[in-house]
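Here are a few friendly notes to read alongside the model.

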Amino acid sequence: MRIDIGEWQIRRFQPDDAQPLAEAADNRKIWRNMRDSFPHPYTLTDAQEWIALTMQESPAQNFAIASTAQVVGGIGLRLRSDVFRRSAEIGYWLAEPFWGRGIATAALRALTEHAFEQFNLVRIDASVYEWNPASARVLEKAGYTFEARLARSIYKDGQIVDRLIYAKLRD
């Protein structure tokens, strides 16, 4: 699977992505806005293990955000089950040198559209830590709507913070 988004693309991770993935992801500012399962420091071994895991997915749910030359971020889905089977959570990150250029918004729009079609979803949502207004703006620009503030629901980096929930519903 490959989705072109201007000079960027969303595509499956490949074994050759390990070194640029490790370099892009090894950033405390990125880790601070991710779940604790996202390692810090982010090593070459972490990148290799992640790529191996994503290559086994069928259907694919986690993707690289890349130029033709290198990986600059990641974006993925967590498909839900049981009574939530028509819903998914989406998450994304981008290497710091690429922040503020519209890449995350374009990737989010593209994967959201793909997910609605591919997985027959009716709802996709995302969580943002209260200290990350830039990510909230990315979601809003991609057509997501603020739904809730879950007070004191996140413990990250030694702090208890609010989690903001954004969602997009299928037209």
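1. Axes are lines fitted to C-alpha atoms, for helices over the stretch in contact, and angles between N-to-C directions run from 0 to 180 degrees. Helices (H or I, at least four residues) and strands (E, at least two) are DSSP runs numbered from the N terminus.

2. This is a predicted model, where local features need pLDDT of at least 70, side-chain atom pairs count only at pLDDT 80 or more, and totals for chains, interfaces and linings use all residues. Residues are numbered from 1 along each chain as its sequence is written, and side-chain values use heavy atoms, leaving out hydrogens and water.

3. Which residues bring the two helices together? From helix 4, A104, T105, L108 and R109 meet V138, L139 and K141 of helix 5 (contact means heavy atoms within 4.5 Å).

4. The sheet is open, with 8 strands in the order 1-2-3-4-5-6-8-7 and mixed pairing; two strands pair if DSSP finds at least two bridges between them. Its edges are strand 1 (2-5) and strand 7 (145-156), each pairing on one side only.

5. Strand 1 pairs with strand 2 (residues 8-11) in the antiparallel sense over 4 bridges. R2 has R11 in strand 2 as its bridge partner.

6. Helix 5 lies across strand 5, strand 6 and strand 8, at about 160 degrees to strand 6.
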